[in-house]
Amino acid sequence: MANDNGVDYRFSKNCMRGSYISTLSARHLNDSLRLVNRLWQRVRFYALGHTYNDMFFPLVPLLLPVLRLEFGLTYGQMGLLATAHVGLRSLMTFVSGYLGDRYSKNRIMSVGFFISAVTLGVLVLARNLVCVTAVLLLMAIGVGTFHTLGTLMATQSAPPQRRGLQLGMFEATGAIGMITISFMFGLLEFIEWRYLCLILSIPGFFVARAYLKPRAKEELDTTVPRPVDPAIIGLVLLARFFATLTLSGFMTFLPTYAVDVWTVSPAIGAVTMGLYQM
């Protein structure tokens, strides 16, 4: 419908409605970005540690193909090495949680980063299978100290109504670390694996130093959450068990499978694992 001047009121009304919706959407987008930025400021310190710590999670699977080529490991020996590393790493989550209830959590995590970085660097000196195995088991002690305490601190630093979003951001940084080291091992085409481990160990000393420094007192929410039905906890643990049993088992031998079956180099096997994790 148009007036005497030829103006279509319906067109004008639709334009005004579209402009209002666009303004409202832009406002919501800005609010969302501000919220994400605010939560990131709260969690970034622990996200930094999470990224570096989780770089170690795929390390043994990435090393298995090169250790098999260098020392002639059987599949059984590779499985035993991976199991021992993961088992000790898992045990340390209980130990770090116990110590975290009594001592400074940041200092405990700092010690863990230091152990992880030292053992990763020391691999450059390991020239036989016994030494490599011993270093990898010591490394598991350092790697296992972070997750219990880091996840707790990242959760408590979030507003109760935003914990899901902030914890999701925290978890995403761990995946970034796992993907990063997988692609870094693609450099095996150009550098020997021991020297690559030495290079990757260097950031760990800076992370350990950052966690050792005194920090401004944070506002942590220490309120006791509502009790959860034990049946739900049981289902979550059961699902986690089967996910670990299948997914972790598959990922442990994915680089080795790529090298042995697809006859690619360990570097390409590592990149394959990185692509899979994406």
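I looked up Asn 53 and found it buried, at a relative accessible area of 1% (buried is under 20%, exposed over 50%, partly exposed in between; 1.4 Å probe, protein chains only). The model is predicted: local features need pLDDT of at least 70, side-chain atom pairs count only at pLDDT 80 or more, and totals for chains, interfaces and linings use all residues. Residues are numbered from 1 along each chain as its sequence is written, and side-chain values use heavy atoms, without hydrogens and water.

Asn 53 sits in helix α1, residues 9–54 (helices are DSSP runs of H or I, at least four residues, numbered from the N terminus). I set aside neighbours within four places in sequence; Asn 53 then contacts Phe 113, Gly 142, Val 143, Phe 146 and His 147 (heavy atoms within 4.5 Å).

Next I checked helix α8, residues 193–212. Its 20 residues reach 30 Å from first C-alpha to last, close to the 28 Å expected at 1.5 Å a residue (1.5 Å times one less than the number of residues). Its buried residues include Trp 193, Leu 196, Leu 200, Gly 204 and Tyr 211. An α-helix has 3.6 residues a turn, so residues three or four places apart point the same way.

Then I looked at Thr 263, in the loop between α9 and α10 (266–277). Its phi is near 55 degrees, a positive value in a residue other than glycine. Thr 263 is exposed, at 65% relative accessible area.

Last, I noted Ile 232 in helix α9, residues 230–260. Ile 232 is partly exposed, at 47%.

Definitions and conventions: Helices (H or I, at least four residues) and strands (E, at least two) are DSSP runs, numbered from the N terminus.
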